[in-house]
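Q: Here is a model I would like to go through. Please set each value against its definition.

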Amino acid sequence: MLRNYVKPLLKSVLVDTIKAPIRLYTPRRALMYVPGDDLKKVLKAFLLDADSIVLDCEDGVALNKKVQARINIRDILDKGKPQRKRPYDFAVRINSVASELIKDDLSVLVTGKNLPNTIYLPKVENVQHLETFSGYLDEYVKAQSNIGLIIAIESAFALVNVVDICKAAIKMSSKFTPVALLFGSDDFCASIGAKRTESSFEVTYARQKIVTVAKAFNLQAIDMVYIKYKDPEGLKKQAEEGAQLGFSGKQVIHPDQIDITQKAFMPNPDQIKWAQEILNAFYKHQKEGKGAFSYKGHMIDMPTVKQAQNVVDLANAIMININE
Ligand SMILES: CC(C)(COP(=O)(O)OP(=O)(O)OC[C@H]1O[C@@H](n2cnc3c(N)ncnc32)[C@H](O)[C@@H]1OP(=O)(O)O)[C@@H](O)C(=O)NCCC(=O)NCCSC(=O)C[C@H](O)C(=O)O
Ligand SMILES: [Mg+2]
């Protein structure tokens, strides 16, 4: 639905933008966890519309089901990435470096003929964790590869180290490219001893820091999971708040959370119309030699023009993917 009335607007925006809006971008508005050992859920996940499907080997899988999760995921990879109507991100969450399960995970999951698009490394605490992960990847992946890496920040120590982690990830010339920072809020709250509240104010600092650092390194920022999966209103509120904070997407755990979340992270028609009007007014005033101008009672100058451009770029990037 949204797509239908956004599209005509986008056509004119594509022509009218300040810089080329088209770039390679994999949307991860909803990043959907599926326990890897649960084959029924795994098969169902590929029939759903999440931008990113994360087949899980970590905390969604019991210790005595880890082997089954690896076998299921490897089997799917060997058969080839399941086709869907539109492109999507096929991700696998392996176990953390500290867990000592990571070697067994990688020895099964990245040694077949097909690799996942993305590996999601949980509980990255420091640069050494990344180096260890990178070493294992070099050991197991023989061919050239450019697998995406989602780095999960889930503790106080990790948050303190996040800038160093990003710098190292970007420099590490290996078989992966960092694509996103993800906020593991449940583990983070356990780490700092926070009490959960309805408003989530206890994680405000962490959310804002993660968004800021992610964007500083040109990475996507993935917001926390909303565990009350039978509360669509609460999810909508939290997802919209995440988008307002600058997150690129959000973790989801249940099929019913996908649509609400993806809508929250897609600029809506009013936002696109606003952005288009700002950009058009900007051109007009530039020609008249005016850097600042008035639009509906607001002072507009370059920072707001950049925000309008962000809206247009994001809408274009998502539309290109979902219409392919
Ligand atoms: C939460 C659940 C255990 C609920 O499962 P269930 O009781 O089966 O729910 P429903 O009966 O309402 O399900 C309806 C149908 O949808 C399928 N389903 C449900 N969940 C999924 C899913 N995640 N992927 C695919 N399909 C799913 C059901 O099978 C039903 O299908 P059908 O019978 O054909 O109608 C469950 O939703 C679940 O297991 N969710 C994932 C939990 C998980 O992965 N948790 C870990 C990730 S969160 C995290 O790690 C936090 C982070 O690290 C941090 O620190 O913050
Ligand atoms: Mg976690």
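Q: What makes Pro-122 and Lys-123 contacts of Glu-154?
A: Two residues are in contact if their C-beta atoms, placed from the backbone, lie within 7 Å. Leaving aside neighbours within four places in sequence, Glu-154 meets this with Pro-122, Lys-123, Gly-184, Asp-187, Phe-188 and Ser-191. The model is predicted: local features need pLDDT of at least 70, side-chain atom pairs count only at pLDDT 80 or more, and totals for chains, interfaces and linings use all residues. Residues are numbered from 1 along each chain as its sequence is written, while chains are lettered from A and ligands numbered from 1 in the order in which they are written.

Q: Why is Glu-154 called buried?
A: A residue is buried if 20 or more other C-beta atoms lie within 10 Å of its own, exposed if 12 or fewer, and partly exposed in between, with C-beta atoms placed from the backbone. Glu-154 has 24 such neighbours, so it counts as buried.

Q: How do you know whether Arg-93 is buried or exposed?
A: Arg-93 has 29 other C-beta atoms within 10 Å, and is therefore buried. Its contacts, not counting residues up to four places away in sequence, include Tyr-120 and Pro-122.

Q: Which feature does UniProt place at Arg-93 and Glu-154?
A: The unreviewed UniProt entry gives "binding site" for both; such annotations may be inferred rather than shown by experiment. They are spread over 62 residues of sequence, yet the largest C-alpha distance is 14.0 Å.
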